[in-house]
Structures are given as structure tokens and as C-alpha cells.
Amino acid sequence: MIKDGDWTLIDWEPVSGRSVWHYFDGEKTHIRTDYPVTATIAENTAFRNEAGTAWTGDWHRVASVPLNIYYDQLHEAERQGDEKFVSRWLNNGDNRAWRTKDGTL
């Protein structure tokens with residue numbers, strides 16, 4: 001049995017690195033899902049550092065967002081065609097780790 005404090009590991013996916021943890025507080029069961037993002041953040045930083053500041057051309061890779069974050073925070077807005085929400089989310093400094101190009105969308 002693998003523990004993280006009071007949390008017990010109940011599932012681990014070796015390909016993605018996703019781990020699911022269980023904790024019972026005496027009243028309720030809590031489930032926590034951890035996703036490794038260090039490699040994605042490092043890759044995004046490298047792309048951002050190499051991208052330059054020019055916005056010429058037809059296409060720019062501006063972000064790389066893990067799927068769990070995309071489905072939790074962006075999917076519904078994109079499904080509804082709310083480009084302003086997606087741009088605002090990507091321009092927010094709290095989400096800079098997911099950006100691969102500096103500037104404002």
C-alpha cells in the first residue's frame with residue numbers, strides 16, 4: 001500500500017503518470033487525482049523562449065494545456081464559441097505556464 005500522508009494510492013497510470021488517491025476522514029470519502037505537469041511546463045517555457053515576439057504569418061502555437069485543465073476550464077467555452085473567454089483565460093498571468101508564446105491574444 002502506497003501512502004501520501006493520510007491519502008492511499010488507488011490507481012496509477014504509468015504512461016500518463018496520473019495517480020488517484022483515496023482518503024476517508026471518518027465521515028466522507030475524498031478522491032484526489034494528481035497529474036504530472038512539470039514536463040509540460042518546461043516544454044512550454046522552452047517554446048516561449050524560442051518563439052520571439054513577431055506575430056506575422058497565418059498560424060501560431062500559443063499554448064499547450066493539459067487535457068484535465070482544458071476539460072475543466074476551457075472546453076465548455078470553446079464548445080460554445082466563446083473566444084473572448086478563452087483569450088482572457090490564456091492572457092491571465094495565472095495561466096502563463098500553459099502559454100508557448102508571449103503577447104496578448
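How many aromatic pairs does this structure hold? The count comes to 2 aromatic pairs, where rings of Phe, Tyr and Trp (its six-membered ring) pair if their centres lie within 6.5 Å. This is a predicted model, in which local features need pLDDT of at least 70, side-chain atom pairs count only at pLDDT 80 or more, and totals for chains, interfaces and linings use all residues. Residues are numbered from 1 along each chain as its sequence is written, and side-chain values use heavy atoms, leaving out hydrogens and water.

**Aromatic pairs**
- Trp-7 and Tyr-23 have ring centres 5.4 Å apart and planes at 40°, so the pair is tilted (planes under 30 degrees apart count as stacked, over 60 as edge-to-face and the rest as tilted).
- Trp-7 belongs to strand β2 (residues 7–12) and Tyr-23 to strand β3 (residues 19–24), so the pair ties together parts 16 residues apart in sequence; strands are DSSP runs of E, at least two residues, and helices are runs of H or I, at least four, numbered from the N terminus.
- Tyr-70 and Tyr-71 form an edge-to-face pair, 5.0 Å centre to centre with 75° between the planes.

**Charges over rings**
- Arg-32 lies over the face of Trp-7, 5.0 Å from the ring centre (NZ of Lys or CZ of Arg within 6 Å of the ring centre and within 35 degrees of the ring normal).
- Arg-61 lies over the face of Phe-47, at 4.1 Å from the ring centre.

**Helix contact**
- Ile-69, Gln-73, Leu-74, Ala-77 and Glu-78 in α2 meet Phe-85, Val-86 and Trp-89 in α3, with contact meaning heavy atoms within 4.5 Å.
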